[in-house]
Amino acid sequence: MENRGIKATVLVVDDLEDIGWIISKALTGKGYKVLIATSGGDAISKIKEDKPSIIILDIRLPDINGIELLKSIKKTNPNVKCIIITAYPTQHLKQEAKELGVCDFIPKPFKIDKLSKVVDLILHSNPADN
């Protein structure tokens with residue numbers, strides 16, 4: 001369903017509500033519809049309901065590892081774009097994320113304008129997927 005003035009739907013999955021709120025405020029101000037999930041289960045429900053164009057995903061969640069959630073998401077939505085955000089970046093994690101088709105990997109803490117630019121770049125590089 002197309003909404004006038006909405007660029008795309010973004011799902012932020014982070015157990016820290018403040019992170020979700022900050023990202024939501026920045027992206028909503030740029031015309032995106034932003035959904036927030038604080039657990040893997042909540043994320044799966046929102047993905048089924050709203051079919052986001054891009055998912056910003058933390059690795060550490062209360063009910064599931066973010067990589068496991070990403071694998072599940074990619075099985076049912078192979079074309080959804082994903083950005084990983086984490087306070088625990090490792091080379092192994094970056095490699096695994098890359099193999100799963102993650103568009104970008106951003107360590108926490110991050111600058112919100114950098115994340116916002118990455119979202120814009122990813123969504124504008126494949127406009128037909130939005």
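Contact means heavy atoms within 4.5 Å. Helices (H or I, at least four residues) and strands (E, at least two) are DSSP runs, numbered from the N terminus. The structure is a predicted model, in which local features need pLDDT of at least 70 and side-chain atom pairs count only at pLDDT 80 or more, while totals for chains, interfaces and linings use all residues. Residues are numbered from 1 along each chain as its sequence is written, and side-chain values use heavy atoms, with hydrogens and water left out.

**View 1. Helices H1 and H5 meet in a right-handed crossing.** From H1, the residues Ile-22, Ile-23, Ala-26 and Leu-27 meet Ile-112, Leu-115, Ser-116 and Val-119 of H5. By class, this contact of H1 with H5 has 7 nonpolar residues, 1 polar and no charged (Ala, Val, Leu, Ile, Met, Phe, Trp, Tyr, Cys and Pro count as nonpolar, Asp, Glu, Lys and Arg as charged, and the others, Gly among them, as polar). The two axes come within 10 Å and cross at roughly 55°; axes are lines fitted to C-alpha atoms, for helices over the stretch in contact, and angles run from 0 to 180 degrees between N-to-C directions. H1 and H5 are therefore oblique to each other (angles under 35 degrees count as roughly parallel, over 145 as roughly antiparallel, 65 to 115 as roughly perpendicular and the rest as oblique). A crossing is right-handed if the near helix is turned clockwise from the far one by less than a right angle, and left-handed if anticlockwise.

**View 2. Helix H2 (residues 40–50) packs against helix H3 (residues 66–76).** Their axes come within 11 Å and cross at roughly 20°, which makes H2 roughly parallel to H3. This crossing is right-handed. Gly-40, Ala-43, Ile-44 and Ile-47 of H2 meet Leu-69, Ser-72 and Ile-73 of H3. The contact of H2 with H3 has 5 nonpolar residues, 2 polar and no charged.

**View 3. The largest nonpolar core has 21 residues.** A nonpolar core is a set of buried Ala, Val, Leu, Ile, Met, Phe, Trp, Tyr and Cys residues joined through side-chain atoms within 4.5 Å; buried means under 20% relative accessible area, exposed over 50%, and partly exposed in between (1.4 Å probe, protein chains only). Leu-11, Val-13, Ile-55, Leu-57, Leu-69 and Ile-84 touch the most other members. Among the elements that give two or more residues to this core are strands E1 (9–13) and E2 (33–37) and helix H4 (91–99). H3 gives the most, with 4 residues. Apart from this core lies another, of 17 residues, among them Val-10, Val-34, Ile-83 and Ile-122.

**View 4. Two serines are shown, Ser-39 in the loop between E2 and H2 and Ser-24 in helix H1 (residues 17–28).** Ser-39 is buried, with a relative accessible area of 17%. Leaving out residues up to four places away in sequence, Ser-39 touches Val-13, Pro-62 and Asp-63. Ser-24 also counts as buried, at 14% relative accessibility. With residues up to four places away in sequence not counted, Ser-24 touches Val-34 and Ile-36.

View 5. Phi of Lys-51 is near 45°, a positive value in a residue other than glycine. Lys-51 is exposed, with a relative accessible area of 59%. The peptide bond from Lys-108 to Pro-109 is cis, with omega near -5°.
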